[in-house]
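Student: I have a protein model open and want to learn how to read it. Can we go through it feature by feature?
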Amino acid sequence: MRELKGQYDSSFVTRYSSFLKYALLMLFAVFFLFPMYWLVLTSLKTQADQFSMPPVWWTKRLTLDYYRAIIFDSSFETLAFNSALACGGSALLSLVAGTMGAYSLSRFRLPFRLNHHLSLWILSTRMFPPIVSIVPLFLIMRALDLLDTRLALVLAYSVFNLPFVVWMMKGFFDELPRELEESALMDGDTHLGAFLRIVLPLVAPGIAATAIFCMIVSWNEFLFALILTQTDSALTLPVGIANQVTQYEIRWGVMSAAGVVAMTPMFIFALMVQRYLVRGLSFGAVKG
Amino acid sequence: MILPPVVAGVTWRLIYNPNFGVLNGILRLFGLDTRRWTWLADPSLALPAVILVDVWEWTPFVFLILLAGLQAIPQEPYEAARIDGANAWQTFFHITLPLLIPAILVALLLRTMDLLRIFDQIFILTQGGPGFATETVSLYIYKTAFRFYDFGYAAVLSIVLLAVTMVLCRLYLRFLKPNALE
């Protein structure tokens, strides 16, 4: 009976339903990819084509004028430099501190179940809404006279990068067999020596992935940059773009070109950490 | 997912633009009169429009979490089900879905926490407008502190938001198996 049903399925119904399946998948793919295509296309269109209705779906009249405009715009360069410095600086700072913190959390047993509590506390920062920290953060930076400086951004980004580094690296250290260091300790190495010479080289891919995630998050970060910076001396790229968009709705070519430039490095980074993508984005919650 | 939220906002402003936006362009292909639909400027359409942007940006992330969950399900229950003669729907509802619940809960937890603090995209798309149609808690706190300079009230709002976040987080974690997050 059942076998008969199976044969019947494979003739007509299956072909029909597989067509439906692919049609549905195509629809989803278009929905998710089209906006990106549209952004890139807009950045390459001439102004007349940008504003035409019905829209120009595809055109051969492409121009690189908008890219030329932002590349020769010294303000854009400053903003990109600020962004790069803030995300590189905070990644470095939180990696140095976070890797060591994660190692001790992974290897040493602290009293009063502190390992457990500290781990949960670190994990809870993923749930912490950044907006609740902007008032104190702003007041602290003002008291320290750090408003509108790149140092303020580096420090602020390290605040949310550090727990992320600790949590990610703790996962990588936990996966490493303890015997490796034990043999180094037996041979008379210190804990620090074993950490630097044996453990660190083995988790190097994990460190690289974690660093890249830190940079993705800080590069994309918007809220802290919005409240902590005002002028070209510290403004980051996202805030610069946002200011343009919300004030002059007209310069779409430049805006979309700037958007493409801002997202390209992130796509390259994402390709580099493809293997750890889910793990990083879910704060280590999913080890896919 | 790794797209800067600001860039996502710019992209969708481009799409939603009532005069030359591509969304109204597509609707026109179907012969609809699009002059009434101003999307982000319409109090009743702005919120669904903003929600769609978030769905667009974060569905791939949920997809990846669920995919990781699916790949972790062992083959044996499926073999048993096939021997017992279960059809595809029964297999899905009685095996796949129950075994996928931890992954679904993780996705739900992360997305809830992200949405409680949503700020960037809405700031770019509508700044909370028109009126208060798309104003979220985060935007309200931001405006209280940095438009009206009422730091005290903003701090109170922050603490309430933090309390709500913590309660929700604990609720979710109670449903999760003790080690599902580690």
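Student: Which residues line the largest cavity?
Tutor: Rolling a probe the size of a water molecule over the atoms shows where empty space is left. On a 1 Å grid over the protein atoms alone, a cavity is a set of points where a 1.4 Å probe fits but cannot get out, and lining residues have an atom within 4 Å of a point. In this predicted model, Trp38(A), Thr42(A), Lys45(A), Gln50(A), Trp252(A), Leu14(B) and Phe20(B) line the largest cavity. The model is predicted, so local features need pLDDT of at least 70 and side-chain atom pairs pLDDT 80 or more, while totals for chains, interfaces and linings use all residues. Residues are numbered from 1 along each chain as written, chains are lettered from A and ligands numbered from 1 in written order, and side-chain values use heavy atoms, without hydrogens and water.

Student: What is the volume of the largest cavity?
Tutor: About 50 Å³. A volume is the space filled by probe spheres set on the points, which are joined across faces, edges and corners. The count is one cavity of 30 Å³ or more. Its lining has four nonpolar, two polar and one charged residues. Here Ala, Val, Leu, Ile, Met, Phe, Trp, Tyr, Cys and Pro are nonpolar, Asp, Glu, Lys and Arg are charged, and the others, Gly among them, are polar.

Student: Which residues are closest to the centre of the second largest pocket?
Tutor: A pocket is an open set with protein on both sides within 12 Å along at least five of seven lines. The second largest pocket has a volume of about 750 Å³. Of its 22 lining residues, Phe32(A), Leu33(A), Met1(B), Pro60(B) and Phe63(B) are the closest to the centre. H1(A) gives the largest share of the lining, eight residues. Helices are DSSP runs (H or I, at least four residues), numbered from the N terminus. By class, the lining has 18 nonpolar, two polar and two charged residues.

Student: Where does that pocket lie in relation to the domains of chain A?
Tutor: Chain A is divided into domain 1 (2–63) and domain 2 (73–281). The bounds come from an automatic or database domain assignment. Both domains give residues to the lining of the second largest pocket, so it lies between them. Seven residues of domain 1 are in contact (heavy atoms within 4.5 Å) with nine of domain 2.

Student: How do H4(A) and H9(A) pack?
Tutor: Two packed helices are described by the angle between their axes and the distance between the axes. Axes are lines fitted to C-alpha atoms, for helices over the stretch in contact, and angles run from 0 to 180 degrees between N-to-C directions. H4(A) and H9(A) pack at about 105 degrees, with axes 12 Å apart. They are therefore roughly perpendicular (65 to 115 degrees; under 35 is roughly parallel, over 145 roughly antiparallel, the rest oblique). Thr99(A), Met100(A) and Tyr103(A) in H4(A) meet His191(A), Phe195(A), Val199(A) and Leu200(A) in H9(A).

Conventions
Helices (H or I, at least four residues) and strands (E, at least two) are DSSP runs, numbered from the N terminus.
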